[in-house]
Amino acid sequence: MNGYMRLTGFLTAALLILGACSGGSSDDPIAMPDPADYQGHSGPFRSEQVEIVLQPTERTEFKAVMAEDQVMMYQWYSLSPVYVDFHGHDPDDDSYWYRYEEQEAATSSYGSLVAPVTGEHGWYFRNDSDQEVVIQLRVAGYFESVRNLGIFPTPES
């Protein structure tokens, strides 16, 4: 009987604490300050993984085509340092673009992006070394497609 009384007292105290934490008697949820915090989608998220091989002085771009407020998570890494510019822009208007991150000699980056505008969002990689560089890039989230722009011609000296 003593164990039963202890359990009943514990449950009563727990219910009183939960009632106090929930704001009292109101069962109405609190409105979210930013309605874009929740995003329902009509289909599953996409995932792409690519291996990018750059010879000395070669460069490339890999981009996700996203609508404004869509979310993408990413990770990339390389055993050798590369120059990288993570940016976004409207493909029909080259007069402006958004730089999210620039690294002179990086070997990795991990993060997420909520697209500030509808457009292309991704990475410009450049191999400034005198050895081959292999980059492993993975993106996942809600994007329409990905564009691998291939290897750009080596700029003339």
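In which strand is N148 found, and what is N148 in contact with, leaving aside its neighbours within four places in sequence?

Analyst: This is a predicted model, in which local features need pLDDT of at least 70 and side-chain atom pairs count only at pLDDT 80 or more, while totals for chains, interfaces and linings use all residues. Residues are numbered from 1 along each chain as its sequence is written, and side-chain values use heavy atoms, with hydrogens and water left out.

N148 is found in strand 7, which covers residues 145–152; helices (H or I, at least four residues) and strands (E, at least two) are DSSP runs, numbered from the N terminus. With a relative accessibility of 48%, N148 counts as partly exposed, a class that lies between buried (under 20% relative accessible area) and exposed (over 50%), using a 1.4 Å probe and protein chains only. When neighbours within four places in sequence are set aside, the contacts of N148 (heavy atoms within 4.5 Å) are V50, T60, E61 and F62. V50 lies 98 residues away from N148 along the chain, yet their C-alpha atoms are separated by 9.1 Å.

The setting of this part is a protein chain with 1 helix and 7 strands, which follow one another along the sequence as α-β-β-β-β-β-β-β. Among contacts between residues at least 6 apart in sequence, 82% join residues at least 24 apart. Of the 157 residues in the protein chain, 30% count as buried.

Two loops complete the picture. T57 is found in the loop between strand 1 (46–54) and strand 2, and its phi is near 70 degrees, a positive value in a residue other than glycine. Most residues other than glycine have a negative phi. At 41% relative accessibility, T57 counts as partly exposed.

D69 lies in the loop between strand 2 (59–66) and strand 3 (71–89); here too phi is positive in a residue other than glycine, with a value near 75 degrees. D69 is partly exposed, its relative accessible area being 34%. Together with D34, D37 and E68, D69 belongs to a patch of negative charge on the surface. Such patches are made of residues with over 30% relative accessible area and no salt bridge, like charges being joined within 9 Å; a salt bridge is a side-chain nitrogen of Lys or Arg within 4 Å of a carboxyl oxygen of Asp or Glu.

How values were computed:
Patch = residues over 30% accessible without salt bridge, like charges linked within 9 Å, V, L, I, M, F, W, Y side chains within 5 Å. Areas by Shrake-Rupley, 256 points an atom, 1.4 Å probe, with all protein chains shown as cover. Lys, Arg positive; Asp, Glu negative; His and termini not counted. Charge placed at Lys NZ, Arg CZ, Asp CG, Glu CD.
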